[in-house]
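Please read the points below with the sequence and the model side by side. They are meant for someone who is meeting this structure for the first time.

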Amino acid sequence: MPFARLATATTPTCHIGLGLAAVGRPGYINLGRNADLGEDRSVETLRTRTHELLDAAYAQGVRYFDAARSYGRSEEFLADWLRKRTDVDDVVIGSKWGYTYTADWTTDAERHEVKDHSLAAYERQRAETEALLGDRLDLYQIHSVTPESPALTDKELHARLAEAAGRGLTVGFSTSGPAQADAVRAALAVTVDGEPLFRTVQSTYNALETSAGPALAEARDAGLTVIVKEGMANGRLAAAHAPEALRAVAEETGLGCDAVALAVVLRQPWAGVVLSGAATTAQLASNLHAAAVGLTDDQLSRLAALAEEPRAYWERRGELPWH
C-alpha cells in the first residue's frame, strides 16, 4: 500500500492531502471561486497556480496529491510538477477514471464531464493517465461509484483492475450521492479470485453530510485506506457561507471556519487522509491549521447538529452553479 509511506511521516499535516479539482480546470462548483481565481484562467495561469499550491503543500508536510481524468489538465499539471521537482520522492499520487472532461476549457459548457464506467472507458483513460504520470501513479480510483454503477458488477473490468493491482498499482474507488454508504458496502463485497479488489475508498464526508460515516468505518476495519473529499461541502462551510454554529466555534478556537470544518473530519478514527481543495496558497495554509484544532465535546455537539438529510444535501449540491 503506497499510504504506508505516510506512516513514517512525523508532521501532523501528512494526513491532509491536496485535491486538484478546483485548479485543474477553469470551471468548478465551489462557492467563492470567482474571487479565488479571478478572470484569468488560461491554461498557463492555472498551471502556475497548481505548481505554487503543490510547492506550498509539500513544504508544509502534505504528501498525498489527488487528480482525475475529468479535472481538466490536473494530471498534466501534476506530472509537470513532478518532473520539475526531482527531489520529491516521498509522495503518494492518486488519480481517477470514469468521467471524461468535456468542457473544452470553458466555464459555461452545457456538460462539464460525462460519466462512463465501462471497461472500454477504463482502458482508454488508463492509457491517457499512463502517458502523463507513468510509474509515478500509485493509486487509480473508479470515479464516483453509486450502487447502480456497472463497475460493481462487471467481472471483466474487475479482472483487468486486478491485473493492474498485480503489477503494483493500488486500486480504489470514490463515491458520491445520497446512497454513498450502500455503494461503499457493495464495493467491499467485490472480490477477484477470493481476494478483495479495492484497497482505498474516497467519499464525501463533512459537517453537513455525515451519512457515509458508519460504512467508512467498516471499510477501515476491512483494511482500506479512507480518503475524505469535499470536507468543505463545496464552499458551504467556508467563512462567507458557514452556518452560525460553525462561525461561533471558529471564533472560540481563534481559527478559520475551514480549519474547524476539516478538523471535524480529521478526528474521525477511520479517516486516513482528508483532502484540501484549496484554490489559493492562503486557503491551503488556513486549511492545514485543521491538524492543530482541538474541539471540546460541547463544540462537537453543536457542530454535529448541522448534519442534513442526505438527499437534501445532495439536491443542494446539484443546484450549485459551475463558476
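**Notes on helix packing and selected residues**

1. Leaving out residues up to four places away in sequence, Thr-170 touches Met-1, Pro-2, Asp-138, Leu-139, Tyr-140, Arg-199 and Thr-200, where contact means heavy atoms within 4.5 Å. Thr-170 lies in strand β7, helices (H or I, at least four residues) and strands (E, at least two) being DSSP runs numbered from the N terminus. With a relative accessibility of 8%, Thr-170 counts as buried, a class that means under 20% relative accessible area, whereas exposed means over 50% and partly exposed lies in between (1.4 Å probe, protein chains only).

2. On the basis of these notes: this is a predicted model, in which local features need pLDDT of at least 70 and side-chain atom pairs count only at pLDDT 80 or more, while totals for chains, interfaces and linings use all residues. Residues are numbered from 1 along each chain as its sequence is written, and side-chain values use heavy atoms, with hydrogens and water left out.

3. Thr-225, which is found in strand β11, also has Met-1, Arg-199 and Thr-200 among its contacts, together with Phe-3 and Val-201, when neighbours within four places in sequence are set aside. Thr-225 counts as buried at 15% relative accessibility. Between Thr-225 and Gln-202 there are 8.5 Å in space, C-alpha to C-alpha, and 23 residues in sequence.

4. Leu-224 belongs to the loop between α7 and β11 (225-229), and at 6% relative accessibility Leu-224 counts as buried. Residues up to four places away in sequence not being counted, Leu-224 touches Phe-173, Leu-188, Phe-198, Arg-199, Thr-200, Val-201 and Ala-219. Leu-224 and Asn-30, by contrast, are 28 Å apart in space, C-alpha to C-alpha, and 194 residues apart in sequence.

5. How do helices α6 and α7 pack? The axes of α6 (residues 180-188) and α7 (residues 213-221) are 8 Å apart, at an angle of about 20°; axes are lines fitted to C-alpha atoms, for helices over the stretch in contact, and angles run from 0 to 180 degrees between N-to-C directions. The two helices α6 and α7 are therefore roughly parallel to each other, given that angles under 35 degrees count as roughly parallel, over 145 as roughly antiparallel, 65 to 115 as roughly perpendicular and the rest as oblique. In this contact Ala-181, Val-184, Arg-185 and Leu-188 of α6 meet Pro-214, Ala-215, Leu-216, Glu-218 and Ala-219 of α7. By class, the residues of the contact of α6 with α7 are seven nonpolar, no polar and two charged, where Ala, Val, Leu, Ile, Met, Phe, Trp, Tyr, Cys and Pro count as nonpolar, Asp, Glu, Lys and Arg as charged, and the others, Gly among them, as polar.

6. Which residues of α6 are buried? They are Gln-180, Ala-181, Ala-183, Val-184 and Ala-187. These residues cover an arc of only 160° around the axis, which puts them on the same side of α6; the arc is that of the directions from the helix axis to the C-beta atoms. What covers the buried residues of α6 includes β6 (139-145), β7 (170-175), β10 (200-204), α7 and α12 (310-319).

7. Helices α8 (residues 244-253) and α11 (residues 297-304) have axes 9 Å apart and pack at an angle of about 155°, and α8 and α11 are therefore roughly antiparallel to each other. From α8, Ala-245, Leu-246, Ala-248, Val-249, Glu-252 and Thr-253 meet Gln-299, Arg-302 and Leu-303 of α11. The contact of α8 with α11 is made up of five nonpolar, two polar and two charged residues.

8. For helix α4 (residues 119-133) and helix α5 (residues 155-166), the axes come within 9 Å and cross at roughly 25°, which makes α4 roughly parallel to α5. Here Leu-119, Tyr-122 and Glu-123 in α4 meet Glu-156, Leu-157, Arg-160, Leu-161 and Ala-164 in α5. The residues of the contact of α4 with α5 comprise five nonpolar, no polar and three charged.

9. Two backbone angles deserve a look. Asp-104, in the loop between β4 (99-101) and β5 (113-115), has a positive phi of about 55° although it is not a glycine, and at 67% relative accessibility Asp-104 counts as exposed. Asn-234, in the loop between β11 and α8, has a phi near 55°, a positive value in a residue other than glycine, but Asn-234 is buried, with a relative accessible area of 3%.
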